[in-house]
Amino acid sequence: AFWVQKQVKARGYDEVLCLDAVAGEAIEEAGASNFFAVFPNNTVVTPSLDSETILPGVTRASVMELAEREFGYAVREGRLTLDDLKDASEAFCCGTGASITPVAS
C-alpha cells in the first residue's frame, strides 16, 4: 500500500482509492481510510465489511452512528462502484489518522 501511495503522490494526487481484488470494480477503501459517499436522497453508503479486506475501525463506526442518529441519514453498507459516485453529492474518507477528510475531486 505504501508503494502505491508513493506512486499516486508522484502523479500529483493526494490519495488512492482501493478497489476489490476480484473484479476491480467495487471501492473498498481509500489508502488507510474508510470511504463514504453521500447521496441526494440522504443516504450514506460505505463498503461492506463482508469482503473481510476492510478494517472495521472505531472512526467508521462512529461516523455511521452519528450520520444516522444525529443527522437523520439512512446508512447502508454495501457495494459501491466508481460509477455510483457519479450520483453522489459528496464523498469523504475517515480513519484515526485521517479524521474526516472530504474528497474534493
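**View 1. Val-103 in the segment after β7.** In this predicted model, Val-103 belongs to the segment that comes after β7. Its relative accessibility is 39%, so Val-103 counts as partly exposed. Beyond its neighbours within four places in sequence, Val-103 is in contact with Phe-35, Ala-91, Phe-92 and Cys-93. Phe-92 sits eleven residues from Val-103 in sequence. The C-alpha atoms of these two residues are 5.1 Å apart.

**View 2. The aromatic pair Phe-36 and Phe-92.** One aromatic pair is present in the structure. Its members are Phe-36 and Phe-92, and the arrangement is stacked. The ring centres lie 4.9 Å apart, with 5 degrees between the planes. An angle under 30 degrees counts as stacked, so the pair falls in that class. Phe-36 belongs to strand β3, and Phe-92 belongs to strand β6, residues 90-95. The pair therefore ties together parts that are 56 residues apart in sequence. The cut-off for buried is under 20% relative accessible area.

**View 3. The open five-stranded sheet.** Five strands make up an open sheet. Their order is β5-β4-β3-β6-β7, and the pairing is mixed. Which strands form the edges? They are β5 (74-77) and β7 (99-102), each of which pairs on one side only. On average, neighbouring strands of this sheet are turned by 25 degrees against each other, direction ignored. Strands of a sheet pair through backbone hydrogen bonds, in either a parallel or an antiparallel sense.

**View 4. The pairing of β3 with β4.** Strand β3 covers residues 34-39, and strand β4 covers residues 43-46. The two pair in the antiparallel sense. Three bridges join them. In one of these, Ala-37 has Val-45 of β4 as its bridge partner. The loop between β3 and β4 holds Asn-42.

View 5. Asn-42 has phi near 60 degrees, a positive value in a residue other than glycine. This residue lies in the loop between β3 and β4. Its relative accessible area is 44%, so Asn-42 is partly exposed. Glu-52 also has a positive phi, about 60 degrees, although it is not a glycine. Where is Glu-52 found? It is in the loop between β4 and α2 (58-69). At 74% relative accessibility, Glu-52 counts as exposed.

**View 6. The second largest pocket.** This pocket has a volume of about 200 Å³. Its lining consists of Val-38, Val-44, Val-63, Leu-66, Ala-67, Phe-71, Tyr-73, Glu-90, Phe-92 and Ile-100. Which elements give two or more residues to the lining? They are α2 and β6. The largest share, three residues, comes from α2. Phe-92 is one of the lining residues, and Phe-92 is also a member of the stacked pair with Phe-36.

Notes. Residues numbered from 1 in each chain as written. Predicted model: local features only at pLDDT ≥ 70, side-chain atom pairs only at ≥ 80, totals over all residues. Heavy atoms only, no water. Pairing = 2+ DSSP bridges. Helix = DSSP H or I, 4+ residues; strand = E, 2+ residues; numbered from the N terminus. Axes fitted to C-alpha atoms, helices over the stretch in contact; angles between N-to-C directions. Buried < 20%, exposed > 50% of the residue type's maximum accessible area, 1.4 Å probe, protein only. Contact = heavy atoms within 4.5 Å. Phe/Tyr/Trp six-rings, centres within 6.5 Å; stacked < 30°, edge-to-face > 60°. 1 Å grid on protein atoms, 1.4 Å probe; cavity = no way out; pocket = protein on both sides within 12 Å on 5 of 7 lines; lining within 4 Å. Points joined across faces, edges and corners; volume = space filled by probe spheres on them.
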